[in-house]
Amino acid sequence: MNIQQQTLASIAIEHHQLVPVLEKYHLDFCCGGKQTLAEACNERGLDITAIIKELKTSDIQDQKAFVDFSDMNAEQLIRYILIKHHFYTRQSMPDIEAHLTKVAAKHGERYPYMRTVKDLFAYLKNDMYMHMQKEEMVLFPRIKEIATSFNNKTNTNKQQEYISDPVTMMVHEHDEAGAIMEQIRILTSDYSIPEDACNTFKIVLQELKAFEEDLHKHVHLENNLLFPMAEKMIEQSAGQAK
């Protein structure tokens with residue numbers, strides 16, 4: 001397929017090493033992953049020819065440095081998400097919030113948008129804690145249960161809604177988290193550092209940028225790989241015993 005007509009999600013899945021290029025141009029491969037490259041570039045007024053050239057030249061520098069998620073089963077994906085993304089999210093959010101609180105207090109008069117950023121991130125932090133808990137306590141165990149039935153070729157005795165209902169909720173919450181980080185990125189002009197910024201100001205903008213990039217990868221793995229895999233398994237395993 002012509003890469004112009006590939007969805008952003010499929011590009012990220014098939015060529016994970018190209019994710020930094022998609023991030024660079026804010027091409028949303030997680031929540032907005034159903035858009036084709038052509039549609040997304042047109043919407044943002046981007047030069048698709050230049051972006052395709054950059055994607056091609058960035059393709060193979062060192063593919064061994066990237067994990068091939070397409071070869072992972074559901075349990076391996078869950079383990080990776082927990083170790084790589086849930087751990088990072090829990091570790092980074094308190095530091096980011098503390099830095100934002102300090103910057104908003106000291107520089108809020110001169111840079112009032114940082115007060116809004118602080119409030120947005122505090123809201124996001126609380127949501128993310130609850131979101132990850134729901135995944136870890138409800139959805140991920142259900143996916144593992146379905147995977148066991150599928151691998152053992154036994155009927156799950158579960159309706160499709162057993163997976164699809166919590167998945168729908170998690171995808172909605174992913175969309176909300178992505179929208180909040182997009183607001184923060186816009187407010188900070190793509191995390192631009194003011195000339196008179198103190199070290200904490202500089203650090204927190206870099207932390208926010210890294211947090212958004214990690215969130216995109218995190219959501220991509222769940223929305224575009226893990227959740228579809230789980231829904232397909234429950235559908236197939238339900239018919240195995242018939």
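This passage describes the overall fold of a predicted protein model and then several of its helices, loops and single residues.

The secondary structure of the model consists of eight helices and zero strands. Read from the N terminus, the order of elements is therefore α-α-α-α-α-α-α-α. The chain has 242 residues, and a compact globule of that length would have a radius of gyration near 18 Å; the value for the protein is 20 Å, which agrees. The C-alpha trace extends over about 70 × 40 × 30 Å along the principal axes.

Of the 242 residues, 43% count as buried. The accessible surface amounts to about 12,900 Å², and carbon and sulfur atoms contribute 50% of that area. Contacts were also sorted by the separation of the two residues in sequence. Among those between residues at least 6 apart, 78% join residues at least 24 apart. As for charge, the protein carries 26 positive and 36 negative side chains. The centres of these two sets lie 3 Å apart.

Two of the helices, α3 and α4, can be described by the sides on which their residues lie. An α-helix has 3.6 residues a turn, so residues three or four places apart point the same way. In α3 (37-44), the buried residues are Leu37, Ala40 and Cys41. Seen down the helix axis, these residues fall within an arc of 95°, so they line one face of α3. The face turned away from this buried side carries Asn42 and Glu43, which are exposed. The buried residues of α3 pack against α1 (8-14) and α4. Just after α3, Gly45 takes a positive phi of about 70°.

Helix α4 spans residues 48-57, and its buried residues include Ile48, Ile51, Ile52 and Leu55. They cover an arc of only 100° around the axis, which puts them on the same side of α4. Thr49, Lys53 and Thr57 are exposed on the other side of the helix. The packing partners of the buried residues of α4 are α2 (19-24) and α3.

The loop between α4 and α5 contains Asp68. Asp68 and Leu18 are 50 residues apart along the chain, and their C-alpha atoms are separated by 13 Å.

Helix α5 covers residues 74-107 and includes Thr89. The relative accessible area of Thr89 is 2%, so the residue is buried. Leaving aside residues up to four places away in sequence, Thr89 touches Met128, Met132, Phe211, Asp214 and His218.

The loop between α7 (161-187) and α8 (199-240) holds Ser189, and Asp190 is found in this loop as well. Most residues other than glycine have a negative phi. Ser189, although not a glycine, has a positive phi of about 50°. Phi of Asp190 is near 60°, again a positive value in a residue other than glycine. Ser189 has a relative accessibility of 47% and counts as partly exposed. Asp190, at 42%, also counts as partly exposed.

Val204 is found in helix α8. Its relative accessibility is 0%, and Val204 therefore counts as buried. Not counting residues up to four places away in sequence, Val204 touches Ile96, His99, Leu100, Val103 and Met114. Val204 was also compared with Ser149 by distance. The two residues are 55 apart in sequence, and their C-alpha atoms are 45 Å apart in space.

Notes. Residues are numbered from 1 along each chain as its sequence is written. This is a predicted model: local features need pLDDT of at least 70, side-chain atom pairs count only at pLDDT 80 or more; totals for chains, interfaces and linings use all residues. Side-chain values use heavy atoms; hydrogens and water are left out. Helices (H or I, at least four residues) and strands (E, at least two) are DSSP runs, numbered from the N terminus. The radius of gyration is taken over C-alpha atoms; the globule rule is 2.2 Å times the number of residues to the power 0.38. Buried means under 20% relative accessible area, exposed over 50%, partly exposed in between (1.4 Å probe, protein chains only). Contact means heavy atoms within 4.5 Å. Accessible areas come from the Shrake-Rupley method with a 1.4 Å probe; for residues, only the protein chains shown count as cover. Lys and Arg count as positive and Asp and Glu as negative; His and the chain ends are not counted. The place of a charge is taken as NZ of Lys, CZ of Arg, CG of Asp or CD of Glu. The arc is that of the directions from the helix axis to the C-beta atoms.
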